[in-house]
Protein chains: 2
Amino acid sequence: VVPERVRQSVALSWDGRSLRLLDQTLLPAEERWIEPRDAAGTAAAIRTLSVRGAPLIGIAAAYGMAMEIAADPTPQGVERAWRTLRTARPTAVNLGHAVDRVRDAALTAAPDDIAAAARSEAEAVHAEEDAASAAIAVAGADLLEGARRALTLCNTGALAAGGSGSALAVLLELHGREPDLEVLVCETRPLLQGARLTVWELARAGVRHSLIVDSAAAGLLARREADAVIVGCDRVAANGDVANKVGTYGLALAAREAGVPFVVAGPASTLDPSVASGDQIAIEERGADEVRTVGGTALTLAGTSVRNPAFDVTPAALVSALVTERGVVHAPSAATLASLLGDGRRSEGGAGVSRSSQGSEDRLR
Amino acid sequence: VVPERVRQSVALSWDGRSLRLLDQTLLPAEERWIEPRDAAGTAAAIRTLSVRGAPLIGIAAAYGMAMEIAADPTPQGVERAWRTLRTARPTAVNLGHAVDRVRDAALTAAPDDIAAAARSEAEAVHAEEDAASAAIAVAGADLLEGARRALTLCNTGALAAGGSGSALAVLLELHGREPDLEVLVCETRPLLQGARLTVWELARAGVRHSLIVDSAAAGLLARREADAVIVGCDRVAANGDVANKVGTYGLALAAREAGVPFVVAGPASTLDPSVASGDQIAIEERGADEVRTVGGTALTLAGTSVRNPAFDVTPAALVSALVTERGVVHAPSAATLASLLGDGRRSEGGAGVSRSSQGSEDRLR
């Protein structure tokens, strides 16, 4: 019997009752799936980075809520699931959004409908993320049309999202139009999401690519070995400053110096109008062993002091365009982002905001 | 019997006849010495990075010449040694300078004096590099006086030179004057000379330090978490463009954006007036496995295509000052570098060139 509500992503599968997650800590060496049974198991998978990528974390957490609530469809069960999942990682914006939505849906349902409401809301979160990925992919590929060589950082593809992702989804869409596309992939120390995950996705999709160490990007851009840089985002402040994977800011500086467009792609849910500018975004500092070791191999003297900021902030002035499922914002600013966050009609009319359907007149080249 | 001409560096020892090199590929886990017997063995040690750092490569190559010529003190032996060593690595200029000097000394000696002339010249190369390190350390520390937090890349200390090194020698001298000095060390992918070697040297010297991934530097500089950036150099073009370890250029961009001085330190032997500008410097591309693996651990899919430039070029316009044993050049240019390469009197009078003894009026802050 095929379940009613199967939703299959590259790294997450939901059959209407149970969740399976591809353990991304083992990629690319091994493709092993794990099956969290409840909120605690799902929170553990998030905390250990078995599931990662802001949108995918949100989806997994929503299903973790649904499973816990199915087993205990009471207000107490809803609150327990919410408490267990909401703090699994401190900085993932989508996680908070997703579990709030599932809780609110469950608590406003009739007593007999609590479990079904939680499940429906989780599936809606997933469906919306899928749709956002697809729209971002098209809008970004329209924007970058003609680019033959792109440079990216971290993993922003199907392993990070319900659908095809954000920046990497754009590159895969572009590859469908430009089969000769070549992608330079920054390895993304310390956790090597570029080397482990983006390379894995590009190889599966048959996209030409080369891996580089992160510090090689600036020199390669100076030699114009890429036509565009495209990255994801973890949080975008009201003024357009972008918090993203550490290394993003350096790429933006090098892109500007080389005259290469610097494009940020992500769902509108990563826009945070409550934060005025990037200097108000807290930068998470992670553990020293991420830097001191790789796969159990010590890279330095034991006990070496480490600074390990997981993110940095790129000023809006360095961003050529922000690609969201609601449209493309050229040279993002407080005014254009406010316009994007308005309703569809306002967004379409806002200065600097273009709907992807407007097509070629908004290309970067 | 103690040999007449013992010269001992941290990572190289010469007893007048034979050479010992600390195998830097094994640091910091293991301190093992290797003993190349001839030019080919020395070239292999250079190629595999057992010996590294532009000045130390030059010294090792000079001794490799001397050993080969001692075994075959003929013009043919001299030429064979020269050919074997001169192309062991392409980017650093010191290697070529050193083997040219030993060859010229040997070929202009009387037939019975060929071996002795080669040995003397190699020892002179070593002695001059020792003296240059000491002078660079003092001149650079004068320049940076007052800096409490410095950021550096790669290894430019006693492991890279005959004496105490270049950029790291400056920091150790500065630490003698400012015991609270703290050094941010970029790990320096792919071969991790920062994590393996610079951390090892700083720990031995009791200097406070923290290790960072290379891509974290730009964001930390934007937050003014360092007062200065100081790096070494592998080749400086006539116009002041600097070829150095990959990642240098990105640091220079981030330093300029943050208003932090960007200082390059190296012996005058790294100046190459035969190269007009940085775009004429050959950038060595090294093997893919340096990027694909760390310590035998695979970081990505087997067979992944890699771009692995070992160096990049920083335009002179981004360099606040060049520190050499002949003096400090502020805002290096073709004119000021030509002045530095003139004789002592001309260099002292050259525009923009200051002798380190002039002291505090030339500080960057």
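Buried area is the accessible area, taken with a 1.4 Å probe, that two parts lose on being put together, summed over both. In this predicted model, chain A and chain B bury about 3800 Å² between them. Carbon and sulfur atoms hold 64% of that area. The size of an interface is often given in this way, as the accessible area lost when the parts come together.

## The contact between the chains

Chain A gives 48 residues to the contact, and chain B gives 48 residues. On the side of chain A that touches chain B, 26 residues are nonpolar, 11 are polar and 11 are charged.

Which elements give two or more residues to this side of chain A? They are α7 (193-205), β7 (208-212), α8 (217-222) and α9 (248-258) of chain A. The largest share comes from α9(A), with 6 residues.

Polar links also cross the contact. Between chain A and chain B there are 15 residue pairs in polar contact, both residues at pLDDT 80 or more. The count of salt bridges between the two chains is 6. Over all chains, the whole structure has 51 salt bridges.

One salt bridge between the chains joins R189(B) to E187(A). Their closest N and O atoms are 2.6 Å apart. R189(B) sits in the loop between β6 (182-186) and α7 (193-205) of chain B. E187(A) sits in the loop between β6 (182-186) and α7 of chain A.

## How the copies are related

Chain A can be laid on chain B with an RMSD of 0.8 Å. The move is a turn of 178° with a shift of 0.2 Å along the axis. The two copies are therefore related as by a two-fold rotation axis. Of the interface residues of chain A, 100% are also interface residues in chain B, so the copies meet through the same surface.

## The four-strand sheets

In chain A, 4 strands form an open sheet in the order β12-β9-β10-β15, with mixed pairing.

Strand β9 (residues 235-237) of chain B joins β12(B). Within that pair, V236(B) has L271(B) as its bridge partner in β12(B).

## A hairpin in chain B

Strands β2 (residues 12-14) and β3 (residues 19-22) of chain B are joined by bridges. They form a hairpin with 4 residues between them. In the turn, G16(B) has a positive phi of about 100°. W14(B) has L19(B) as its bridge partner in β3(B). β3(B) also pairs with β4 (residues 33-34) of chain B. There, L22(B) stands opposite W33(B) in β4(B).

| Strand pair | Sense | Bridges |
|---|---|---|
| β9(B) and β12(B) | parallel | 2 bridges |
| β2(B) and β3(B) | antiparallel | 3 bridges |
| β3(B) and β4(B) | antiparallel | 2 bridges |

## Backbone exceptions

Most residues other than glycine have a negative phi, and most peptide bonds are trans. Some places in this model depart from that pattern.

The peptide bond from L27(A) to P28(A) is cis, with omega near 0°. P28(A) lies in the loop between β3 (19-22) and β4 (33-34) of chain A.

A cis peptide bond also joins R189(B) and P190(B), where omega is about 5°. P190(B) is in the loop between β6 and α7 of chain B. R189(B) is also the residue that forms a salt bridge with E187(A).

L192(A) is not a glycine, yet its phi is positive, at about 60°. L192(A) is found in the loop between β6 and α7 of chain A. E187(A) is in the loop between β6 (182-186) and α7 of chain A too.

Notes:
Residues numbered from 1 in each chain as written. Chains lettered and ligands numbered in written order. Predicted model: local features only at pLDDT ≥ 70, side-chain atom pairs only at ≥ 80, totals over all residues. Heavy atoms only, no water. Contact = heavy atoms within 4.5 Å. Salt bridge = Lys/Arg side-chain N within 4 Å of Asp/Glu carboxyl O. Polar contact = N/O pair within 3.5 Å; in protein donor to acceptor, adjacent residues only side chain to side chain. Nonpolar A, V, L, I, M, F, W, Y, C, P; charged D, E, K, R; others polar. Least-squares fit on C-alpha atoms with pLDDT ≥ 70 in both. Pairing = 2+ DSSP bridges.
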